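Thanks for coming, everyone. I'll keep this quick.

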Amino acid sequence: MAVTSGYLGSEKANAEHHEEEHDPRESLMYDPRPRGEMNAMVMESMHTTSWKFWVVLGVLAFLVATCFFYAWGYMIAEGLGVAGVNRPAYWGVFLVNTVFWIGISHAGTFISAILRVMKAEFRRPFTRAAELMTTFGLIQAGASIFMHLGRVWLAYWMFPIPNERQLWPNFHSPLMWDLLAITTYVLGSTMYLFLPLIPDLAMARDRSTGWRKTFYRILALGFRGTEGEWRHLTTAMNIFAFAIIPVMFSVHTIVSWDFAMASRPGWSSTVFGPYFVLGALHSGMGAVAIVLVIMRATMKHMDYFIRKEHFDALGKLMMIVSFTYAYFFFNDYIVQWYGGDKWTDTLLHWLEEGPMAWMFYQMIAFNIVIPFLTLWNKRVRTTPWLLALIGGLINVGMYWERYIIVPVMLSINRMPFTWRLYEPGIEIYLTIGTFAMFLLFYMIASRLIPLIPVWEVQEGQMVHSLRKVGKAHVPTVSEFE
Amino acid sequence: MSNLNIDLNRVGAKGALAEEADGKWGMVIDQDVCTGCQACVAACAMENNIPFVMEEDAAYGRTLHWIRIERFWEGEYPEVRTTPYQPMLCQQCGSAPCEPVCPVFASVHSQAQELNLQVYNRCIGTRYCANNCPYQVRTFNWRDYAIEPFHANDFDGQLVFPLHNQFNPDVTVRRRGIMEKCTFCIQRIHKAEDKAKSEGRAVEDGEFTTACAQACPTNAITFGLLDDSESLVSQLANHKHGYRHLEEMNTLPRITYLQEG
């Protein structure tokens with residue numbers, strides 16, 4: 001009997017088993033700290049800035065001023081001739097950037113809304129970081145759309161507002177749907193960023209002085225943490241978490257319709273909707289990995305909140321997304337090839353052996369081959385710099401994917417006389433400008449708002465428990481709502 | 001509304017919006033006669049105030065010509081022969097792909113003329129119409145070409161634009177950031193219609209023609225009323241050598257090309 005009790009019921013045996021499988025230093029849930037201490041850590045991470053921070057901030061601000069505002073102003077004054085767009089590639093890097101930044105923004109919604117609805121525990125410490133990417137990414141996407149307009153000063157003509165021209169916008173146009181979808185997404189995701197931020201802003205308000213206190217007091221909307229306030233907040237967050245998911249799917253589907261609705265070889269593909277959504281998640285996950293690694297390396301106390309388990313879970317997610325992306329990728333290309341349309345055939349052959357073939361093969365390597373070959377390995381997934389590198393390669397691959405879809409596919413059309421390659425001009429500076437602006441906003445935000453949702457981490461640690469399923473102990477979270 | 005017998009098989013994806021497949025104005029281009037002399041390109045540029053764009057932009061695919069002469073080669077070197085010249089301009093589609101994609105109704109269909117028109121002052125330059133045009137005949141004003149210094153003479157530091165003196169007063173000068181394309185010389189259509197109306201008659205066949213047709217030394221281009229079965233253009237349009245470009249797109253082009261081949 002002693003032998004069997006040692007196997008089945010003995011506390012000691014289970015404890016040892018548990019020790020083997022879960023190193024407390026690897027799991028945030030097994031390493032709880034008092035709430036006050038965590039609050040202080042997050043506050044300190046906001047306040048601690050080294051001179052390096054200001055140097056990087058200054059460089060980014062300079063890049064934003066020159067590459068974004070000056071370059072854009074110059075382009076508005078001179079006309080789009082300073083960019084690389086031509087006939088037949090009427091759309092160029094600006095649209096690539098738009099699709100790319102909307103893709104980046106999808107990670108935030110996916111991680112915070114879908115994983116929140118699914119009650120995935122590993123999401124807790126980095127929902128905020130991902131949501132910030134949504135908002136800041138969408139700002140860049142919107143700016144890129146406006147950059148691409150020939151007469152940007154008349155962009156408001158697309159808005160359905162009463163006007164002296166007695167003219168309503170054309171709701172047949174996919175660009176009109178785009179405008180509405182992106183506006184909805186910006187508003188929805190900003191509110192969804194703000195709601196879970198309120199308790200943390202209130203926390204910061206109670207622990208700061210001077211202008212910061214005023215800043216947080218205004219933003220926290222007088223949140224005191226009473227039972228009723230929490231109930232309302234949870235309800236609102238639940239509504240938004242569920243409501244933002246269809247918005248997220250619709251936005252990138254509609255962006256893909258800009259291409260899929262046009263009757264061009266390579267574009268007119270019915271699978272573009274889900275293909276773009278998955279592509280967005282693919283690049284978004286990679287970007288989240290990069291941001292988390294940078295946060296962990298540069299900000300104080302972040303190694304407590306962001307641990308190997310999170311990188312591990314994110315790596316698994318990246319691999320699954322990569323699998324689904326591969327499915328849609330081959331679905332798109334193989335079905336188009338099978339269709340046997342003369343012009344599509346020409347285009348596909350040109351892609352595989354033309355001057356842009358290097359980009360085509362790099363796209364396959366970075367988006368599919370490298371994630372497949374590396375992310376199955378736990379050691380790779382839990383090595384932050386390696387995960388960030390893979391995330392970076394995925395983002396390069398996804399950028400190439402959009403580049404191939406927009407200017408490269410535009411180079412081939414039904415009028416061979418007009419075939420011509422596209423070379424980016426001032427777009428290169430403006431691309432640098434949007435990247436710099438994204439990072440600049442992110443760095444400023446990291447000083448102003450808690451990048452770790454303390455209350456969510458605390459909540460996870462409080463309700464976390466071990467459950468016995470058969471012989472194994474599974475970490476679970478008790479239902480509480 | 002007497003003759004609404006539309007052949008539904010010939011009407012495009014937008015459905016039968018009371019738009020007749022045949023159209024009002026049409027053009028026939030005889031490729032067997034075309035010598036590729038580019039007189040139509042020059043005449044069109046003068047008639048429609050199209051500026052030139054200098055070598056660099058032209059080589060990069062930014063010419064603003066509303067009509068272009070395409071030519072291709074057949075066969076492997078040294079047995080190469082050119083195919084017949086192929087003037088390509090806006091086909092004035094009955095079911096135009098450029099129209100539904102414009103968010104601000106800058107690319108519209110004229111119900112009176114049954115032409116596909118570009119309203120310059122509505123255009124905000126999304127360039128979606130040009131991407132969706134299977135004929136690639138829409139051109140974009142990448143810069144303010146008409147007032148670029150290369151159009152000017154320099155008199156003691158002051159720029160003088162002699163070419164501005166030959167602007168056609170009936171046609172707008174487009175600024176940067178605007179899409180434009182062939183209008184079938186709608187200013188001439190309006191002028192002829194106004195004249196006919198003041199004289200209390202209908203527009204006669206051959207009374208006027210477009211700038212490209214007028215300039216063509218071999219009369220390869222014929223322009224006129226398609227809905228008049230007596231007119232030269234409608235007779236030529238039904239010629240047995242006639243074909244239309246990218247007919248499989250179901251865009252209902254109004255230009256018929258003749259080629260014996």
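Start with the buried residues of helix H8 of chain A: A:Ile198, A:Pro199, A:Asp200, A:Leu201, A:Ala202, A:Met203 and A:Ala204. One caution before I go on: this is a predicted model.

H8 of chain A covers residues 197-206, and seven of its 10 residues are buried, so the rest of the structure largely encloses this helix. What does the covering of those buried residues include? Four helices of chain A are part of the cover: H3 (35-47), H9 (210-220), H10 (227-260) and H19 (454-463).

Next, the core. The largest nonpolar core holds 186 residues. Which members touch the most others? They are A:Ala107, A:Met133 and A:Val288. Helix H11 of chain A, residues 272-298, gives the most to this core, with 15 residues. As general background, nonpolar side chains in soluble globular proteins tend to be buried together.

Let me zoom in on A:Met133. Leave aside its neighbours within four places in sequence.

Over to chain B, and a sheet. Four strands form an open sheet there, in the order E12-E1-E14-E13, with mixed pairing. Why is one side of E12 and of E13 left without a neighbour in the sheet? Strand E12 (221-225) and strand E13 (242-243) of chain B stand at the edges with a single partner strand each, so one side of each has no neighbour in the sheet.

Strand E1 of chain B, residues 25-30, is joined to E12 by five bridges, and the two run antiparallel. B:Ile29 has B:Ile221 in E12 as its bridge partner. Five of the five residues of E12 of chain B are buried, so this strand is largely enclosed by the rest of the structure.

Opposite B:Gly242 stands B:Leu258 in E14.

Last stop: where the chains meet. Chain A puts 34 residues into the contact, and chain B puts in 33. On the chain A side, helix H7 of chain A (residues 174-194) has the largest share, three residues. By class, that side has 18 nonpolar, 10 polar and six charged residues.

That's the tour. Over to you.

Conventions: Residues numbered from 1 in each chain as written. Chains lettered and ligands numbered in written order. Predicted model: local features only at pLDDT ≥ 70, side-chain atom pairs only at ≥ 80, totals over all residues. Core = buried A, V, L, I, M, F, W, Y, C linked by C-beta atoms within 7 Å. Buried ≥ 20, exposed ≤ 12 C-beta atoms within 10 Å, placed from the backbone. Contact = placed C-beta atoms within 7 Å. Pairing = 2+ DSSP bridges. Nonpolar A, V, L, I, M, F, W, Y, C, P; charged D, E, K, R; others polar.
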